[in-house]
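Please open the structure in a viewer and keep the selection panel at hand.

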Amino acid sequence: MTKADIVSRISEKLGIEKGDVQATVETFMEEVKSSLENGDNVYLRGFGSFIIKTRAEKTGRNISKNTTIKIPAHNIPAFKPAKVFVEGVKSNVQVQ
């Protein structure tokens, strides 16, 4: 599913014009992104949390040059689904 699919489905379900729904979805995504960039996690009860994870410094390999490189500690955005969300997926989606 793409962002356009989400906009279409919300527009059909609520009877709102696609342009308004698209603006809302874009604004939501920008707010989540902005909050994470400012160091704030975003908690959506029943859905999940957009959080910042810290990765420790580690040693990696540059295979093409056969050298060792040091990867500094850094933060990355992550999504942690709510327990009810995980249980819904487990019970409704068949294992392939």
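Please begin with Phe79, which counts as partly exposed because its relative accessibility is 34%. The model on display is a predicted one.

**The aromatic rings**

Phe50 belongs to strand β2 and Phe79 to strand β5, so that the pair links distant parts of the chain, 29 residues apart.

Next, select Phe47 and Phe85. These two rings are stacked, with 5.3 Å from centre to centre and 20° between the planes. Phe47 sits in the loop between β1 and β2, while Phe85 is found in helix α3 (residues 83-92); the two are 38 residues apart and again connect distant parts of the chain. Phe47, at 39% relative accessibility, counts as partly exposed, and Phe85 counts as partly exposed at 30%.

Now display the four side chains together: Phe47, Phe50, Phe79 and Phe85 are linked into a cluster by ring pairs. In the whole structure, a search finds four aromatic pairs.

**The sheet**

Switch to a cartoon view and select β1, β2 and β5. They form an open sheet of three strands in the order β1-β2-β5, with antiparallel pairing. At the edges are β1 (42-44) and β5 (74-81), each of which pairs on one side only. Neighbouring strands are turned against each other by 30° on average, direction ignored.

Focus on β1 and β2 (residues 48-55), which are antiparallel and joined by three bridges.

**The helices**

Select α2 (18-37) next. This helix lies across β1, β2 and β5 and runs at about 35° to β2.

Then move to α1 (residues 3-14), a helix of 12 residues that reaches 16 Å from its first C-alpha to its last, close to the 16 Å expected at 1.5 Å a residue. Highlight Val7, Ser8 and Ser11, which are buried. Viewed down the axis of α1, the buried residues fall within an arc of 100°, so they line one face of the helix. That buried set packs against α2.

Terms used. Residues are numbered from 1 along each chain as its sequence is written. This is a predicted model: local features need pLDDT of at least 70, side-chain atom pairs count only at pLDDT 80 or more; totals for chains, interfaces and linings use all residues. Side-chain values use heavy atoms; hydrogens and water are left out. Helices (H or I, at least four residues) and strands (E, at least two) are DSSP runs, numbered from the N terminus. The expected span of a helix is 1.5 Å times one less than its number of residues. Buried means under 20% relative accessible area, exposed over 50%, partly exposed in between (1.4 Å probe, protein chains only). The arc is that of the directions from the helix axis to the C-beta atoms. Contact means heavy atoms within 4.5 Å. Two strands pair if DSSP finds at least two bridges between them. Axes are lines fitted to C-alpha atoms, for helices over the stretch in contact, and angles run from 0 to 180 degrees between N-to-C directions. Rings of Phe, Tyr and Trp (its six-membered ring) pair if their centres lie within 6.5 Å; planes under 30 degrees apart count as stacked, over 60 as edge-to-face and the rest as tilted.
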